[in-house]
Structures are given as structure tokens and as C-alpha cells.
Amino acid sequence: RYRARMNSTPVAGQYDLRITTRSGAAVDVEVSTIQLDPGESPRVLGIMRDVTGRRRAEEELRRSEAMMKSVLSSMSESVFVFDREGRFVFVSSPRIELLEPPEHFLGRSYREILPPAVAEGLAVAFARTAEGQPADFEYCLDLPDVGPAWFEAHLTPVQSGGGLQGALAVLDEVARRREKA
């Protein structure tokens with residue numbers, strides 16, 4: 001890459017490498033380069049940044065997210081995460097496709113998706129979580145090809161950095177829970 005730069009051959013200005021230090025440790029580096037003074041004696045400025053810790057953290061986050069998705073997909077309850085404006089930011093539900101495909105929920109407000117009576121009940125619960133309090137409510141949805149289904153929702157405020165980020169909702173089908181008891 002250095003020779004290509006010196007010959008004015010187009011080369012990506014930023015790339016990643018894994019290098020081995022004198023002690024034998026593997027280190028991930030991010031390299032940024034730019035050609036200076038193109039002419040008879042061209043020079044290249046290169047900056048190497050150790051990103052080993054960041055790469056480890058990114059990999060750990062990917063593993064953690066995969067584990068969380070696996071846990072959530074094995075649950076019979078539905079889990080929804082809303083931002084402060086009431087938009088769906090996460091959806092995990094074994095029955096959600098009966099209403100709409102999961103990807104149709106993301107980024108949309110609960111008021112756009114849910115029937116008005118259910119949306120109003122959720123608005124009341126959502127207002128309570130905005131005050132930092134958990135909230136519960138029951139509602140009925142008329143699911144296509146299934147008919148009426150009763151659910152119980154438990155909402156919990158999602159806090160981060162000292163402020164409210166939204167709400168976590170865990171829904172359980174009431175009839176299913178009563179059958180198990």
C-alpha cells in the first residue's frame with residue numbers, strides 16, 4: 001500500500017490490520033494514510049491507532065446481542081421496547097405476525113399500529129412509565145384467523161444516563177397463563 005501510494009496509485013485511505021508486537025501479542029490497528037507533496041519526492045503521512053479494545057468490545061456486544069435474541073425468542077411472552085416518543089425500537093413476539101410482520105413495527109408509533117382503544121390504554125401506561133413508575137394493563141385484540149385474545153402488559157421505564165429513554169413492555173396472553181395455572 002505504501003508503494004502504491006508513492007506511485008500515486010489509488011489506495012483506500014483507511015484500512016485495518018492485525019499486527020504482532022515484539023512480545024508476540026496480536027494488536028488490531030486502524031491505519032489512516034494520505035499522500036503529501038505529490039511530486040519528485042512524495043511522502044505519505046500514516047497514523048496507526050490501536051483499536052484492539054474497541055474490537056473486543058464490539059465482538060462482546062455482538063455475542064451478548066445474539067444471546068439476548070436467543071433468550072427472547074424462546075419466551076412465550078412478547079417483549080417490546082419503545083423510545084420516549086412511543087415508537088417501537090425492539091420487537092420479540094411469538095404471535096406478532098398475526099397482527100403485522102415484526103419489521104413493520106420498528107420505527108413506528110404504537111398509535112399507528114394498535115387499535116385506538118388499545119393505544120389509549122397503552123398511552124396511560126406509557127405516561128406512568130414517563131414518571132418513572134411501572135404500569136400494568138389488560139387489553140383485547142381481535143387477531144385475524146384467531147379471534148379475540150386477551151393480553152396483560154407490564155411496562156417498565158427504561159433509564160440510561162440518568163434519563164428516561166423509553167419503556168420496556170412484556171406481554172402475556174391471559175388465557176394461556178390461566179390454562180397453565
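**The paired strands and the charged helix**

Author: Tyr-15 belongs to strand β1, which covers residues 14–20. Strands, like helices, are DSSP runs numbered from the N terminus (helices are H or I with at least four residues, strands are E with at least two). The model is predicted, so that local features need pLDDT of at least 70 and side-chain atom pairs count only at pLDDT 80 or more, whereas totals for chains, interfaces and linings use all residues. Residues are numbered from 1 along each chain as its sequence is written, and side-chain values use heavy atoms, with hydrogens and water left out.

Is Tyr-15 buried or exposed? Its relative accessible area is 16%, and therefore Tyr-15 counts as buried; the cut-offs are under 20% for buried, over 50% for exposed and in between for partly exposed, with a 1.4 Å probe and protein chains only. Apart from neighbours within four places in sequence, the residues in contact with Tyr-15 are Arg-1, Val-29, Glu-30, Val-31 and Thr-33, contact meaning heavy atoms within 4.5 Å. One of these, Val-31 in β2, stands opposite Tyr-15. Strands β1 and β2 run antiparallel and are joined by seven bridges; two strands pair if DSSP finds at least two bridges between them. Five residues lie between the strands of this hairpin, in which Gly-24 takes a positive phi near 95°.

Strand β2 (26–36) also contributes to a nonpolar patch, as does β3 (43–50), each supplying at least two of its residues. The patch consists of Ile-34, Leu-36, Leu-45 and Ile-47 and has a surface of about 330 Å². Patches are made of residues with over 30% relative accessible area and no salt bridge; like charges are joined within 9 Å, and nonpolar side chains (Val, Leu, Ile, Met, Phe, Trp, Tyr) within 5 Å. The areas come from the Shrake-Rupley method with a 1.4 Å probe, and for residues only the protein chains shown count as cover.

Helix α2 spans residues 52–73 and includes Thr-52. With a relative accessible area of 9%, Thr-52 is buried. The side chains of Thr-52 and Asp-50 make a polar contact at 2.7 Å; such a contact is a pair of N or O atoms within 3.5 Å, where, within protein, one must be able to donate a hydrogen and the other to accept it, and residues adjacent in sequence count only if both atoms are side-chain atoms. Beyond its neighbours within four places in sequence, Thr-52 touches Val-27 and Asp-28.

A salt bridge joins the side chains of Arg-55 and Glu-58 at 3.6 Å, N to O, the term requiring a side-chain nitrogen of Lys or Arg within 4 Å of a carboxyl oxygen of Asp or Glu. By this rule there are 13 salt bridges. Both Arg-55 and Glu-58 lie in helix α2, three residues apart, which is about one turn of the helix. Each is partly exposed: Arg-55 has a relative accessible area of 22%, and Glu-58 has 32%. Which residues are linked with them in a network of salt bridges? The network comprises Asp-16, Glu-30, Arg-49, Arg-54, Arg-55 and Glu-58.

Glu-60 and Arg-63 form another salt bridge, their closest N and O atoms being 2.9 Å apart. Why are Glu-60 and Arg-63 separated by about one helical turn? The reason is that they are three residues apart in helix α2. Glu-60 is partly exposed at 43% relative accessible area, and Arg-63 is partly exposed at 46% relative accessibility.

Arg-87 is 72 residues from Tyr-15 in sequence and 37 Å from it in space, C-alpha to C-alpha. The side chain of Arg-87 meets that of Asp-83 in a salt bridge of 2.8 Å, N to O. Asp-83 is buried, since its relative accessible area is 13%, whereas Arg-87 is partly exposed at 34%. Arg-87 is also in contact with Ser-109, as are Gly-86 and Phe-88, neighbours of Ser-109 within four places in sequence being left aside. Ser-109 sits in the loop between β5 (88–92) and α3 (110–113) and counts as buried at 15% relative accessibility. A polar atom of the Ser-109 side chain lies 3.1 Å from the backbone nitrogen of Arg-111.
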